[in-house]
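Let us walk through this model, from its strands to its ligand shell and then its cores.

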Amino acid sequence: MIHTRGLTRVFTMKKETVEAVRGIDLDVEPGRLVAFLGPNGAGKSTTLRLLTTLLPPTSGTAVVAGHDVTRDPAGVRSRIGYVGQKNSAGESFRVRDELVTQGRCYGLTVSDAVARAGELMRLLDLEDLATRRPGTLSGGQRRRLDIALGLIHRPDLLFLDEPSTGLDPKSRADIWRHILRLREAYGTTLFLTTHYLEEADNMAERVVIIDNGSIIADGTAEQLKNDLAGDSITLTAHTGQDAARAADLTGGVAEGVTVRVRVPNAPAALPECLRALEAAGIKVAAAETARPTLDDVFLTLTGRSLTDDDLPA
Ligand SMILES: Nc1ncnc2c1ncn2[C@@H]1O[C@H](COP(=O)(O)OP(=O)(O)OP(=O)(O)O)[C@@H](O)[C@H]1O
């Protein structure tokens, strides 16, 4: 559904050249749900703009939904939907009319556009809002309308730029319920960016991480966590001296009375670790194990936590 080779975009300004996307090779199979993650300025939006034909590549190729972005941008646009961060509905029409009008713009017949609008309103729980103006909708309702508008022409592939950003936790969960529902109904390939790592972790089948314009990790959330971060054991000693000795013995890192040890499988490693400490006469006040998060993967790969400064307010 998406095939890029050496996809590159350079921005040239008077005094500066920014290589926003540096030779990306990416293949996405039909029907997949892919989360595209990266810190601020990593190149996510630029990649999305290249794939959706909003921006021409400087070099490299991208074939999206069967069409080349450079040679056949209209072909790409006819087969993809794009839900950006800004609202896609105007204020002139009510919800149903907006859907029908945008369907007509894509070349659907009146009866087809009306039928498609009805189908999407059902799927996205917009039926009770059919005669409301977009400006009167809540943030979550408006986002559902945006998603319906992105799907009006039955695209094979839907790009979603931060679909749940700015919503309260309940509306975020609701948007995800709808995204998963439409995926089940249509089998649409979904390619989305998000700053919420737990969403990517729980929902996406594949996580692609970009930093400095290059893809630095690609796999299932489980694979990335197992391969790149590993489990951790956190030990609490009674004194800083004991913690330092425990760190030496286990290969961990001590901070005050706490020691953090990275291991492939923490529950399996914990008993042996405690036995070794006891044999060395080191008393431990508490011990706990933790699975890594995608943020740990980020930290390992980029040296920074995505939650440090990137999470929108
Ligand atoms: N039109 C432009 N002109 C010059 N530089 C640009 C332009 N658009 C993006 N850039 C630069 O390209 C790099 C990648 O930006 P991009 O917007 O793709 O990052 P991002 O991962 O989407 O970041 P964010 O999470 O903050 O939206 C940044 O250094 C940015 O300043």
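In which sense do strand β1 and strand β4 pair, and over how many bridges? Strand β1 (residues 2-12) and strand β4 (residues 59-64) pair in the antiparallel sense, over 5 bridges. Pairing here requires at least two bridges found by DSSP between the strands. Strands are DSSP runs (E, at least two residues) and helices likewise (H or I, at least four), numbered from the N terminus. This is a predicted model: local features need pLDDT of at least 70, side-chain atom pairs count only at pLDDT 80 or more, and totals for chains, interfaces and linings use all residues. Residues are numbered from 1 along each chain as its sequence is written.

T4 stands opposite A62 in β4. β1 also runs antiparallel to β2, joined by 8 bridges. T12 has T17 in β2 as its bridge partner. A hairpin of 4 residues links β1 to β2.

Now the ligand. The residues around it include F11, M13, V18, K44, S45 and T46; each has its C-beta atom, placed from the backbone, within 6 Å of the ligand. β2 (17-28) and α1 (44-51) are the elements that give two or more residues to this shell. α1 gives the most, with 3 residues.

Last, the cores. Nonpolar side chains tend to be buried together in soluble globular proteins. A nonpolar core is a set of buried Ala, Val, Leu, Ile, Met, Phe, Trp, Tyr and Cys residues joined through C-beta atoms within 7 Å; buried means 20 or more other C-beta atoms within 10 Å of a residue's own. The largest has 64 residues, of which A148, F159, F191 and V207 touch the most other members. Apart from it lies another core of 12 residues, including L235 and C273.
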